[in-house]
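Student: I have a model open beside its sequence, and I would like to learn how to read it feature by feature. Could you take me through it?

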Amino acid sequence: DEEYADDEDEDETVVIEDFSQQTYQSPLNNFSVPIPVDPQQGGRIQSQEGVVGFSDDIGTLLRIDYYPFPLEQLEELESLGQEEYLQTILVDKYVPQAIFANVPEASVEYTEYLENTLRGAYYVLIDMPKGSTISKQENNGTAIRLDAYRGLLTFISGEFLYIVSSQHSFL
């Protein structure tokens, strides 16, 4: 069974502070994306092997996990079918390890297989009470994490499996 990184795993994270480029290119050159955060709003890019996260002080979070898709997995993909395979990866493996382990009250609110998106993708919406990556200060000085919704989309492209997540925080 593959292990999926959790949100709290910070070893060997590189924080990129030079935003002179408008595009982030992955170290393996398997994808590039426009940088969705602004340094003037506390924008940060955190990169480590297999994951990049974009975040800022106003609650933006975009995270891309990417794993080489080994040929051995092709058999499992073909036997289960793409919808069930992607659902198993996202709902049965990634979400429990990366989300529920850190936010036990979180719950899956919605799932959908998107047959015509990225040649087949699986989407999950998760309600994360007090599970945001940002906090607000209470009157007594303690910080309390905001509630959040996180959308996750998994798909296979080229020789990689991707899990892209985006979070919206609210009071």
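Tutor: We will go from the whole chain to its sheet, and then to a few side chains.

Tutor: This is a predicted model, in which local features need pLDDT of at least 70 and side-chain atom pairs count only at pLDDT 80 or more, while totals for chains, interfaces and linings use all residues. Residues are numbered from 1 along each chain as its sequence is written, and side-chain values use heavy atoms, with hydrogens and water left out.

Student: How many helices and strands are in the chain, and what pattern do they follow along the sequence?

Tutor: Helices (H or I, at least four residues) and strands (E, at least two) are DSSP runs, numbered from the N terminus. Here the chain has two helices and 12 strands, and along the sequence they follow the pattern β-β-β-β-β-β-α-α-β-β-β-β-β-β. The radius of gyration (taken over C-alpha atoms) is 17 Å, close to the 16 Å given for 171 residues by the globule rule (2.2 Å times the number of residues to the power 0.38), so the chain is as compact as a globular protein of that length.

Student: Which strands form the sheet, and in what order?

Tutor: Strands of a sheet pair through backbone hydrogen bonds, either parallel or antiparallel. Two strands count as paired if DSSP finds at least two bridges between them. In this model eight strands form an open sheet, ordered S1-S4-S5-S6-S12-S11-S8-S7, with antiparallel pairing. Strand S1 (14-16) and strand S7 (107-114) are the edge strands, each pairing on one side only. Neighbouring strands of the sheet are turned by 15° against each other on average, direction ignored; such angles, which run from 0 to 180 degrees, are taken between the N-to-C directions of axes, lines fitted to C-alpha atoms, for helices over the stretch in contact.

Student: Where does helix H2 lie?

Tutor: Contact means heavy atoms within 4.5 Å. Helix H2 (residues 82-100) lies across S6, S7, strand S8 (121-128), strand S11 (147-157) and strand S12 (160-170), and runs at about 25° to S8.

Student: Is Asp-65 buried or exposed, and what does its side chain make polar contact with?

Tutor: A polar contact is a pair of N or O atoms within 3.5 Å; within protein, one must be able to donate a hydrogen and the other to accept it, and residues adjacent in sequence count only if both atoms are side-chain atoms. Asp-65, found in strand S6, is buried, with a relative accessible area of 1%. The Asp-65 side chain makes polar contacts with the side chain of Arg-63 (2.9 Å) and with that of Tyr-94 (3.0 Å).

Terms used. Buried < 20%, exposed > 50% of the residue type's maximum accessible area, 1.4 Å probe, protein only.
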